[in-house]
Amino acid sequence: MKLSNYKPRIIDRTLSFYLKTFGAVLIVGPKWCGKTWTGRNACRSQFMLSDSTGNFNNRQMAMLNPDLALSGRLPRLIDEWQEVPLIWDAVRNRVDQNPTKGQFVLTGSAVVDRSKYLHSGTGRIARLRMRTMSLFESGDSDGRVSLEDICLGQAKDVFTGEVSLNRLLDYIIAGGFPARLGLDIKQSRSIANSYIDAIINEDIYRVDDVKRDGEKIRLLLKSLARNEATTASNATLKRDIRDKDRDDININTLTEYLGLLKKLYLIEDIPPFGASIRSSLRVKQSAKRHFVDPSLPSAVLGLTPKHLKKDLSLAGFLFESLVERDLLTYAESFGGKLFHYQDYKNNEIDAVIELEDGEWCGIEIKLGAHQIEEAAHNLLRINELIKEDGGKPAKSLCVLCGLSSAAYTRKDGVYVAPITSLRE
């Protein structure tokens, strides 16, 4: 079902490869990120469990007999399969019986309790994680610079043109949900606001049919937004809620709610990086937690571009969130993994991309061009510390920034590139 108005996504190539390798593929990710459209574009038939036609007739049929969802031209899309978890076992059994590759594409916007189906699907059903649109996918990056080339130390110098601060702040507030394409900032903010409201008032309940305190969830989201792109611990979040909102939340409840937000793919952890397991330079084993899209913390805090222009420090954290969203999508397309680095002496690298062969690229993320010099010095200094301590040095070092008119290699070897020219 090749869609004439489909906007290509970076994950398309990986999905095509997986369909040639596995019997079925599961695409997971936050709702509204484009999973259904990507699945439809790769398949020849579909079964939509969220279709309300005939009082949700598809869902009722699948509950009576999950095999009914599998009948159609292959590959077949089964959208929102978690509505009827037994479909998982039906797909797994069909793939077992028929060794043909690329039979089914399943999509889901929530993690399903393992007790609701029997088999893991290991070796039969491959998993792909999808996110909101990167700047390159939405057409807001010209794609003149390849992240893979940067990581391999092969990126070329290129003039990219001026980028305004207003434009970058708009990208943060608007976010990467496909539905915002072609809309103005006010409309885009409405999409993010609606998303947050749906999470609090409906989606949290639908994960496991347990009613929860919506106000507590909203307070937690506000704390997460204030601590966006940091390694804030659960205890820090609890303390922040009490200090900023004059309320409190039980630590066990907070942990439970964080787990639910992860199940809905609303927040994502970036794990810590260690350049060598033999190194004596201790690395803080704390993940960096962030929202899947920068529009969401912006919506939770009620921000507009004008607010960010008055608080460039906050804008910097949200810009880092935007860049990390794009890095996750770009890096995964060529087998890279995204980490962050922080040791007990407070030496930090914003992002680290580790390649399949173990080589790595250290990346500092800065909104302003005036921060490039300090960021480059920081990368070089920490790389030397890692080498002195017996760790594997970086293959390449890079500063990704907002306000730069060119991508170029500095005399010290650090590459500089604007995020509005980056692609996979």
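The legends below describe close-up views of a predicted model.

Residues are numbered from 1 along each chain as its sequence is written, and side-chain values use heavy atoms, with hydrogens and water left out. In this predicted model, local features need pLDDT of at least 70 and side-chain atom pairs count only at pLDDT 80 or more, while totals for chains, interfaces and linings use all residues.

View 1. The strands follow the order S7-S14-S15-S13-S12-S11-S10 with mixed pairing, where strands (E, at least two residues) and helices (H or I, at least four) are DSSP runs numbered from the N terminus, and two strands pair if DSSP finds at least two bridges between them. Strand S7 (158-159) and strand S10 (337-342) stand at the edges with a single partner strand each, so one side of each has no neighbour in the sheet. S11 and S12 run antiparallel and are joined by four bridges, and isoleucine 353 stands opposite cysteine 361 in S12.

**View 2. Two helices lying across the sheet.** Helix H14 (residues 312-333) lies across S10, S11, S12 and strand S13 (396-401), running at about 150° to S12; axes are lines fitted to C-alpha atoms, for helices over the stretch in contact, and angles run from 0 to 180 degrees between N-to-C directions. Helix H15 (residues 372-388) lies across S10, S11, S12, S13, strand S14 (406-409) and strand S15 (415-418), at about 155° to S13.

**View 3. Leucine 355 in a loop between two strands.** Leucine 355 is placed in the loop that links strand S11 (348-354) and strand S12 (360-366). Leucine 355 is buried, with a relative accessible area of 11%; buried means under 20% relative accessible area, exposed over 50% and partly exposed in between, with a 1.4 Å probe and protein chains only. Neighbours within four places in sequence aside, leucine 355 is in contact with Cys151, Leu152 and Phe334, contact meaning heavy atoms within 4.5 Å.

**View 4. The largest nonpolar core.** Among the 42 residues of this core, Leu147, Ile150, Leu308, Leu327, Ile353, Ile363 and Leu422 touch the most other members; a nonpolar core is a set of buried Ala, Val, Leu, Ile, Met, Phe, Trp, Tyr and Cys residues joined through side-chain atoms within 4.5 Å. The elements that each supply at least two residues of this core include helix H6 (147-151), helix H7 (165-174) and H14, and the largest share, ten residues, comes from H14. Leaving aside neighbours within four places in sequence, the contacts of leucine 422 include Phe136, Leu147, Ile150, Leu327, Tyr330 and Leu400.

**View 5. The crossing of helices H8 and H9.** The axes of helix H8 (residues 185-208) and helix H9 (residues 214-226) come within 10 Å and cross at roughly 140°. H8 and H9 are therefore oblique to each other, given that angles under 35 degrees count as roughly parallel, over 145 as roughly antiparallel, 65 to 115 as roughly perpendicular and the rest as oblique. The contact is made by Ile196, Asp197, Ile200 and Ile204 of H8 together with Gly214, Ile217, Arg218 and Leu221 of H9.

**View 6. Strand S3 and its parallel partners.** From strand S3 (76-79), Arg76 and Ile78 point one way and Leu77 and Asp79 the other, and all are buried. S2 and S3 run parallel and are joined by four bridges, with aspartate 79 in S3 as the bridge partner of methionine 48. S3 also pairs with S4 in the parallel sense, over three bridges, and arginine 76 stands opposite phenylalanine 104 in S4.
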